[in-house]
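Dear colleague,

Please read the notes with the model open beside them.

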Amino acid sequence: MGRDLSALFDPVSVAVVGASDDPAKYGHAIAAQAVRANGRRPVHLVNRRGGTVLGRTATPSLRAIGEPVDLAVVSVPAAGFEAAVDEALECGARAIVAITAGFAETGAAGRARQHAVAERVRAAGAVMVGPNCLGLADNTTDLFLASDTFTPGGVALLSQSGNLALELQLRFHPHGLGFSRFVSLGNQADVTLVDLLADCARHEGTRAIAVYAEDFADGRAFAEAASVAGKPVVLLTAGRGDASARSAQSHTGALTTSADVVAAACRDAGVELVATPRELTVVLASLAGGRRAAGRRVAVLTDGGGHGVIAADAVEAAGLAVPELEPPTQLLLREALWEQSAVGNPVDLAGMGEQAPGSYAETVAALLAAEETDAVLMTGYFGGYAAAGGLGGGGATLAEGEQEAARLIAAHHRVTAKPLVVQSMYPHSPSCRILISAGIPVFGATEDAARALAATAPTAYDIGLTPLPRAAGPLRESGYLETRRALEAAGLPFPAAREVRDEGELLAATREFAGPYVLKALHLLHKSDAGGVALGLADPDELLAAFREMNARLGAPAYSVEAMADLSDGVELIVGVDRDPRFGPVAMVGLGGVLAEPLRDVMFTLAPVPADRALRLLRELRTAALLDGVRGRPAVDVTAAARAIETVTAFAAAHPEIAELEVNPLLVRPTGVLALDSRAVLA
């Protein structure tokens with residue numbers, strides 16, 4: 001069930017420590033908001049000088065209140081913070097909102113102070129948001145402990161930015177959106193983003209959860225909580241474009257960026273990942289009504305060809321389809337519309353809307369009812385006839401007709417579960433306001449409407465994370481042969497191989513298995529780049545010659561002689577796992593061999609990866625057609641490849657001491673798989 005945060009969001013009483021009449025102090029803003037609760041609960045203002053604050057009697061200390069305090073807001077200078085927290089705990093506080101800054105964000109000493117305070121809070125059985133936060137608000141319980149007022153609604157915002165909340169307030173308004181809760185995360189010394197996410201998932205007044213996070217203390221726990229939230233979770237995060245700061249020692253490390261990791265975690269958890277406050281608003285507007293499309297087929301309706309074509313392109317760019325309508329639907333539309341109307345998809349009224357605004361409503365009804373459509377996008381001029389300054393020129397009669405059409409569209413929308421999204425040149429017009437009030441999202445930009453529909457579409461992936469396995473005995477050595485043996489023991493097949501140090505051991509290896517052979521110099525980070533791999537050595541004589549040349553040039557302490565696999569009918573893949581400090585083991589699957597980095601045809605997911613999910617990842621590759629055979633080549637055993645991916649990723653997930661693990665190439669043939677090379681890097 002998670003932590004009990006009831007005292008944070010619905011306390012019996014509240015005290016603002018550091019309340020002030022000075023508008024320059026944050027304690028003034030918090031106090032001014034706190035007293036808006038209209039008698040919902042006692043609100044005490046504490047100022048060390050006593051007197052009055054905001055015309056109300058202030059006490060010089062929490063003890064002077066003379067009764068228990070359930071929630072204390074602490075907004076005092078850093079030097080007095082610990083004393084204020086201790087006093088609050090002594091007075092029975094079950095929750096603390098710590099506004100005061102100057103802790104972990106300042107360095108090691110501040111981090112130690114913060115940790116000590118959090119330990120005392122937890123030992124007392126209390127909870128603390130912050131420090132270094134901007135407060136919180138809960139419109140469902142009349143709790144106002146932030147500096148600004150938030151319009152009531154169904155969105156809970158958990159944010160590391162206060163100004164972002166103010167921007168979202170402005171962006172939400174045209175869409176009829178508002179806030180159930182707002183929480184400024186601060187340093188998350190005690191109550192974390194994961195705690196808050198889990199609590200908002202249980203909160204009846206919250207329909208969707210918006211998150212702005214600049215970093216994740218425990219990204220995997222966030223993904224796990226989001227995957228079981230049962231409500232839409234939309235994430236806006238910063239810094240996703242930078243590659244990992246550490247030095248990558250494998251192809252996997254070189255190809256994996258923080259953006260890949262966050263995107264993979266969001267996809268696995270069913271979180272809508274957005275890049276801007278505008279996109280966050282668009283997605284929330286589309287999900288607020290709870291409608292989800294059954295598929296990805298969209299019908300586009302317009303009263304002008306240009307808008308229809310542009311909208312169709314935007315819908316397809318968003319990963320959705322705009323299929324041609326079935327003959328029965330086209331016949332129905334042909335009977336309802338005039339001769340010049342197009343009824344294929346996009347459906348173009350071709351000017352009929354100006355003559356008969358009701359045609360919009362009739363067409364929307366037909367498209368929502370069509371079995372071959374999962375959602376409808378209406379785009380273009382609708383709204384302009386009733387808008388001040390609109391170009392329709394039809395006067396009051398046409399405006400009234402359009403508004404009546406809007407009411408009819410709203411009625412059709414109410415009796416279907418399919419999403420309907422509108423793009424209008426006049427999104428703030430009276431007709432569009434009728435649609436918005438009926439729960440139909442309206443946008444001014446075509447790309448926003450397409451993104452909104454994409455948010456309602458079903459995902460091709462199963463939502464949920466596979467639990468991490470129990471840690472296995474640690475891998476002590478990460479050399480090529482040691483890693484290979486460990487993977488073989490886990491069930492991953494490799495060609496026959498022998499370690500050799502001299503010519504005698506090399507010739508002995510040739511008596512154990514026949515050629516052709518591969519020779520690899522060991523203890524080199526990137527063997528191929530250093531010229532430490534020789535392939536296709538037909539017989540012992542060629543192998544010996546290659547050994548002498550390579551040993552003279554590299555002087556490696558040891559070499560591996562291996563049976564050469566037949567590459568003629570196979571596809572080379574790469575399977576890697578990179579251990580992210582926030583999200584744990586992250587798997588990468590893609591086209592491998594020497595083309596891994598140049599082509600970068602890879603997919604990411606949190607590890608371990610079950611075989612069924614691995615199979616879907618392989619089918620998402622740009623080069624997935626190679627797996628089914630092209631230009632006379634046979635299809636390869638994709639099922640065996642998926643099982644191998646499961647083996648590699650489960651092994652890596654069970655070994656937290658491994659920072660990077662890679663099998664490249666993993667040769668997938670018509671009759672199974674062979675791992676041809678592997679690499680592990682210990683943390």
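**Aromatic pairs**

By the rule that rings of Phe, Tyr and Trp (its six-membered ring) pair if their centres lie within 6.5 Å, the count comes to nine aromatic pairs. One of them is formed by Phe150 and Phe179, whose centres are 5.3 Å apart with 70 degrees between the planes, an edge-to-face arrangement (planes under 30 degrees apart count as stacked, over 60 as edge-to-face and the rest as tilted). This pair links distant parts of the chain, 29 residues apart, with Phe150 in the loop between strand S9 (143-146) and strand S10 (152-159) and Phe179 in strand S11 (residues 179-184).

**Basis of the notes**

This is a predicted model, in which local features need pLDDT of at least 70 and side-chain atom pairs count only at pLDDT 80 or more, while totals for chains, interfaces and linings use all residues. Residues are numbered from 1 along each chain as its sequence is written, and side-chain values use heavy atoms, with hydrogens and water left out. Helices (H or I, at least four residues) and strands (E, at least two) are DSSP runs, numbered from the N terminus.

**The sheet**

Five strands, in the order S2-S1-S5-S6-S7, form an open sheet with parallel pairing, where two strands pair if DSSP finds at least two bridges between them. Strand S2 (43-46) and strand S7 (127-129) are the edge strands, each pairing on one side only. Strand S6 (residues 95-98) and S7 are joined by three bridges in the parallel sense, and Met128 in S7 is the bridge partner of Ile96.

**Two helices in contact**

Helix H10 (residues 277-287) and helix H17 (residues 446-456) pack with their axes 8 Å apart at an angle of about 55 degrees (axes are lines fitted to C-alpha atoms, for helices over the stretch in contact, and angles run from 0 to 180 degrees between N-to-C directions). H10 and H17 are therefore oblique to each other, since angles under 35 degrees count as roughly parallel, over 145 as roughly antiparallel, 65 to 115 as roughly perpendicular and the rest as oblique.

**Loop geometry**

The peptide bond from Gly515 to Pro516 is cis, with omega near 0 degrees, and Pro516 is placed in the loop between helix H19 (503-510) and strand S21 (517-521). Ala607 and Pro608 are also joined by a cis peptide bond, with omega about 0 degrees.
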